[in-house]
Amino acid sequence: MVTAITNLGRSGLYDWLIQRLSAVAMTAYVVFLVVYLVINPDLDFAQWRSLFDQLWMRVFSLITLLSIVAHAWIGLWAVLTDYITPMTLGGKATVVRVFAQVVLGVVALTYTVWGIEILWGL
């Protein structure tokens, strides 16, 4: 049994709940964008920019960005802890798993900061 010291929630139940809530947020965002594109078939850059200049759309996009990162982190953590085990890699499993988690964490943090910079123009 792998100790859950690097998962996002405090337990598997919290991770499950975060996964479901983040999936709902991402689905709502995609549905909204698809409907918006269908309603506005002649969309130009000015309309697109005016949509994303609105505070509610920036907040909605930020929630979606954070949902993507949380969803991906929990999913990748589960995959890494399930498949990188002492049975598969011997004594180096913990080192490989921690290294992979650090790399993925840095990537997730980089994309999060970059996304916030794009959304809010910091």
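Contact here means heavy atoms within 4.5 Å. On that basis, and not counting residues up to four places away in sequence, Tyr 36 touches Leu 43, Gln 47, Trp 48 and Leu 51. The structure is a predicted model.

**Nonpolar core and aromatic cluster**

Tyr 36 belongs to the largest nonpolar core, a set of six residues that also holds Tyr 29, Leu 33, Leu 51, Met 57 and Phe 60. Two elements, α1 and α3 (55-83), each give two or more residues to this core. Helix α1 supplies the largest share, three residues. As a general point, nonpolar side chains in soluble globular proteins tend to be buried together.

Tyr 36 is also part of one aromatic cluster, together with Tyr 29, Phe 32, Trp 48, Phe 52, Trp 56 and Phe 60. Over the whole structure, seven aromatic pairs are found. One of them joins Phe 32 and Phe 60, whose ring centres are 6.1 Å apart; the planes stand at 65 degrees, so the pair is edge-to-face. Phe 32 lies in helix α1 and Phe 60 in helix α3, so this pair ties together parts that are 28 residues apart in sequence.

Another pair is formed by Tyr 111 and Trp 114, with ring centres 6.2 Å apart and planes at 25 degrees, so the pair counts as stacked. Both residues lie in helix α5, three residues apart, which is about one turn of the helix.

Val 107 is placed in helix α5 (residues 93-120). With a relative accessible area of 36%, Val 107 is partly exposed.

**Salt bridges**

How many salt bridges are there? The count comes to two. In one, the side chains of Arg 49 and Asp 53 meet at 3.6 Å, N to O. In the other, Arg 58 pairs with Asp 53, and the closest N and O atoms are again 3.6 Å apart. Through shared partners, the salt bridges join Arg 49, Asp 53 and Arg 58 into one network. In general, side chains of opposite charge can pair when their charged atoms come close.

Is Gln 19 buried or exposed? Gln 19 is buried, because its relative accessible area is 14% and the buried class lies under 20%. Gln 19 has its place in helix α1 (residues 12-39). Leaving aside neighbours within four places in sequence, Gln 19 is in contact with His 71, Ile 74 and Gly 75.

**Accessibility of selected residues**

| Residue | Relative accessible area | Class |
|---|---|---|
| Gln 19 | 14% | buried |
| Val 107 | 36% | partly exposed |

Key: Residues are numbered from 1 along each chain as its sequence is written. This is a predicted model: local features need pLDDT of at least 70, side-chain atom pairs count only at pLDDT 80 or more; totals for chains, interfaces and linings use all residues. Side-chain values use heavy atoms; hydrogens and water are left out. Helices (H or I, at least four residues) and strands (E, at least two) are DSSP runs, numbered from the N terminus. Buried means under 20% relative accessible area, exposed over 50%, partly exposed in between (1.4 Å probe, protein chains only). A salt bridge is a side-chain nitrogen of Lys or Arg within 4 Å of a carboxyl oxygen of Asp or Glu. A nonpolar core is a set of buried Ala, Val, Leu, Ile, Met, Phe, Trp, Tyr and Cys residues joined through side-chain atoms within 4.5 Å. Rings of Phe, Tyr and Trp (its six-membered ring) pair if their centres lie within 6.5 Å; planes under 30 degrees apart count as stacked, over 60 as edge-to-face and the rest as tilted.
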